[in-house]
Amino acid sequence: MKAHQIIAAISPSLQQEIFNYLQKETREAFNTALFQVGAGRKLRPQYFARKTPAERVTWLLTWLKIKPFDGVAEQLLQLWLLKAKPEMLTAFLDAAEIKHDGKGQVDELPETLGDNAVAAGVDAMLKDHPAEHVSVYLRIFQLQRSDGWPAVAEVLEKRPELKLGA
């Protein structure tokens, strides 16, 4: 599942949570994404000056659900995860024994991940975080390698609480 498909599949409430967070807490990145997508739609930055913050979120969400803006969608989801959910990321990485910077950022991804490590990581995240958030993280994590990891793909396939858009 690509980033634009993830955004389309998550609940409207999570879409709003993510993009309201990005707009308030990472204003520069949010505006950059807004202007990137706007430029792709042949709009000038002034177009957004007339919109309310809620209208900007709605407009951006509409366009990030389509394939041409997948790269922007992926960057924004990664940013949200790293800034808003570091404790969830570190819970997975610690349980799966993946070295990280203490805030959820990994410099060198493992070639393989065992079923037990992934299961432990997922269980650690689900203990304190909503399943939909966990699912978004695992799907973005899968995008970090061209083929992802079979153990992560299996968890996403077999655990019903991790299904998006159900």
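A residue counts as exposed when its relative accessible area is over 50%, as buried when that area is under 20%, and as partly exposed in between. The structure described here is a predicted model. Lys158 has a relative accessible area of 61%, so Lys158 is exposed. Its salt-bridge partner, Glu154, is partly exposed at 35%. The two side chains meet at 3.1 Å, N to O. Both residues sit in helix H10, four residues apart, so about one helical turn separates them.

Side chains of opposite charge can pair when their charged atoms come close. The structure holds four salt bridges. One of them joins Arg145 and Glu111, with an N to O distance of 3.8 Å. This pair links distant parts of the chain, 34 residues apart. Arg145 belongs to the loop between H9 and helix H10 (150–158), and Glu111 to the loop between H7 and helix H8 (115–128). Glu111 is exposed, with a relative accessible area of 62%. Arg145 is partly exposed, with 25%.

A salt bridge also forms between the side chains of Asp123 and Arg159, at 3.1 Å, N to O. Asp123 lies in helix H8 and Arg159 in the segment after H10, so this bridge ties together parts that are 36 residues apart in sequence. Asp123 is partly exposed at 42% relative accessibility. Arg159 is partly exposed too, at 22%. Salt bridges link Asp123, Arg159 and Glu161 into a network.

The whole structure contains nine aromatic pairs. Among them is the pair of Phe92 and Phe141, which is edge-to-face. Phe92 is in helix H7 (residues 86–95) and Phe141 is in helix H9, so the pair ties together parts that are 49 residues apart in sequence. Phe92 is buried, because its relative accessible area is 0%. Phe141 is buried as well, with 4%. Elsewhere, ring pairs join Phe35, Tyr47, Phe48, Trp59 and Trp63 in a cluster.

Helix packing comes next. Two packed helices are described by the angle between their axes and the distance between the axes. Helix H3 (residues 27–40) and helix H6 (residues 70–84) have axes that come within 11 Å and cross at roughly 170°. This crossing makes H3 roughly antiparallel to H6, because angles over 145 degrees count as roughly antiparallel. On the H3 side, the contact involves Ala29, Ala33, Gln36 and Val37. On the H6 side, it involves Val72, Gln75, Leu76 and Leu79. Six of the contact residues are nonpolar, two are polar and none is charged.

Two single residues complete the picture. Leu22 lies in helix H2 (residues 12–25). Leu22 is buried, since its relative accessibility is 0%. Beyond residues up to four places away in sequence, Leu22 touches Arg27, Phe30, Leu76, Leu79 and Trp80. The C-alpha atoms of Leu22 and Asp123 are separated by 27 Å, and the two residues are 101 residues apart along the chain. His133 lies in helix H9 (residues 131–142). With a relative accessible area of 6%, His133 is buried. Leaving aside neighbours within four places in sequence, His133 is in contact with Leu14, Glu17, Trp80, Lys85 and Met88.

How values were computed
Residues are numbered from 1 along each chain as its sequence is written. This is a predicted model: local features need pLDDT of at least 70, side-chain atom pairs count only at pLDDT 80 or more; totals for chains, interfaces and linings use all residues. Side-chain values use heavy atoms; hydrogens and water are left out. Axes are lines fitted to C-alpha atoms, for helices over the stretch in contact, and angles run from 0 to 180 degrees between N-to-C directions. Helices (H or I, at least four residues) and strands (E, at least two) are DSSP runs, numbered from the N terminus. Angles under 35 degrees count as roughly parallel, over 145 as roughly antiparallel, 65 to 115 as roughly perpendicular and the rest as oblique. Contact means heavy atoms within 4.5 Å. Ala, Val, Leu, Ile, Met, Phe, Trp, Tyr, Cys and Pro count as nonpolar, Asp, Glu, Lys and Arg as charged, and the others, Gly among them, as polar. Buried means under 20% relative accessible area, exposed over 50%, partly exposed in between (1.4 Å probe, protein chains only). Rings of Phe, Tyr and Trp (its six-membered ring) pair if their centres lie within 6.5 Å; planes under 30 degrees apart count as stacked, over 60 as edge-to-face and the rest as tilted.
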